[in-house]
Amino acid sequence: MSNTLNNDLKEQLVANFQATEGRLNGETKSAVHQTRRAAMQNFETLGFPTIKHEEWKYSNVSNLVKQAFDFNVKTEFGENELATLSIPNLEGNVLYFINGIYNAELSNIVSPESQLQILNFGQAVKENPTLLETYFAQYANYQNEAFTALNTAFAHDGVVINVPAGKVVEQPIILRFITDARSINVASQPRNLVVVGKNAEVKIAEAFRTLGENGAFTNTVTEIVVEENANVQYYKVQNDTEKSYHVGTTQVCQKQNSHFYAVTVTINGGFVRNNLNIVLDGQNCEAFMYGLYFPNGKQHVDNHTLVDHAQPNSYSNELYKGILKDKSTGVFNGKIFVRDGASKTNAYQSCRNVVLSDEAIMNTKPQLEIFNDDVKCSHGTTTGKLNDEALFYMRSRGIPKAEAQTLLMYAFCEDVISQIKIGAIKEYLEGLIAEKLAQ
């Protein structure tokens, strides 16, 4: 769907792309760049989505695209500054991205190369073009999704992570995205590709943090390929500022007998749109999705999920929970597709929300599209206030009202928090969540 929303920003991006092409030194003939070029043509046709687009009905990006952002900010960012952002007791392969650009000097890779291969995107184009040509942009939909097309066109930063067949990466991989908006409005478009080979196992986390009082826009795409019998845990944590915009797409393809496990937690962010799309493209696949979000003030959090059961005998289970305060808004749009021939599919989806203010708004849209009779599928959504009886009982036992409310809200979150299986991240989030609930 095309539109004329803020042609200035659109023209700026097109001009930026053309200038980038001029610096590629012969790379424009590569298959990867031909994909970039096709993506930019699609973005020019699509333009930015408006609320007339069904998938963006409740998430208006007009304020985002009216702003001016610098897409090429390089900043001095040292270890002293990182110390204030550290996650206590976190051990593993920690990769830092400053304004979307991978910083090898600040990063720390501890797993041996036999278990884990990490290249920045520029290195991968030169050193392992076959891997990119096989997997890059083969899953994320840049043909019809404007933000994915935009990211694909500018896919120069970010990393390529390859876990060879049969390898178990014992230490988690933590991708930490720091946006430094202390002096100027900053935009970044990191692109990550994760390929997990047959019978391999890995834990991956993406953490987003914004610094400063200026505007920030992160448009990120992560493609994850889970080969046969592979096992992947994926975590996404967002703790941004009131002036930050985040549009993120995680596109997953699962092969036969694979297992994918995802937890998405949004603590803060002015405008957040999370797209989690999973295609179960093999028999006996399992996919688990958990989400937790806490918008307050005028924050807006939109979780769009898609589970595509393309082959028979697969299982998916999804649970998202939200607590909304003040004038915040939330969106949950969960889709389950069961394709023709995907018999013996089991698919479950649940979204539950607590609204603590008369001015907070929660929009939910669960969807099932089933083209097969031999399946078990269900979905449901609830939105309401805290349980008055439980609150009365706790207050009658001498617990102050504010403390009782916080305890009830934390209990509401517990069955998602308990799904986080990296201990340091779980402890860190428990502290952030307790702080947010006490506000």
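**Exercise 1. Two helix contacts**

The crossing of α8 and α9 is right-handed in this predicted model.

Task: Determine at what angle α8 and α9 pack, and how far apart their axes are.

Solution. Two packed helices are described by the angle between their axes and the distance between the axes. Helix α8 comprises residues 388-396, and it packs with α9 at an angle of about 130°, the axes being 9 Å apart. Angles under 35 degrees count as roughly parallel, over 145 as roughly antiparallel and 65 to 115 as roughly perpendicular, with the rest oblique. The helices α8 and α9 are therefore oblique to each other.

Task: State which residues of α8 and α9 meet.

Solution. From α8 come Ala390, Leu391, Met394 and Arg395; their counterparts in α9 are Lys401, Ala404, Gln405, Leu407 and Leu408. By class, this contact of α8 with α9 holds six nonpolar residues, one polar and two charged.

Task: Classify the relative orientation of α9 and α10 from the angle at which their axes cross.

Solution. The axes of α9 and α10 cross at roughly 150° and come within 10 Å. Since angles over 145 degrees count as roughly antiparallel, α9 and α10 are therefore roughly antiparallel to each other. The crossing in which α9 passes α10 is right-handed. On the α9 side, Thr406, Met409, Tyr410 and Ile417 take part, and they meet Lys426, Glu430, Ile433 and Leu437 of α10. The residues of this contact of α9 with α10 divide into five nonpolar, one polar and two charged.

**Exercise 2. The sheet and the helices on it**

Task: Give the strand order of the open sheet and identify its edge strands.

Solution. The sheet has ten strands with mixed pairing, in the order β2-β1-β5-β8-β10-β12-β14-β16-β18-β20. Its edge strands are β2 (101-108) and β20 (375-384), each of which pairs on one side only. From one strand to the next, the twist averages 10°.

Task: Describe how β18 and β20 pair.

Solution. Strand β18 (residues 345-355) pairs with β20 in the parallel sense, over ten bridges. As an individual bridge, Ala347 has Cys377 in β20 as its partner.

Terms used. Residues numbered from 1 in each chain as written. Predicted model: local features only at pLDDT ≥ 70, side-chain atom pairs only at ≥ 80, totals over all residues. Heavy atoms only, no water. Pairing = 2+ DSSP bridges. Helix = DSSP H or I, 4+ residues; strand = E, 2+ residues; numbered from the N terminus. Axes fitted to C-alpha atoms, helices over the stretch in contact; angles between N-to-C directions. Left-handed = near helix turned anticlockwise from the far one by under 90°. Contact = heavy atoms within 4.5 Å. Nonpolar A, V, L, I, M, F, W, Y, C, P; charged D, E, K, R; others polar.
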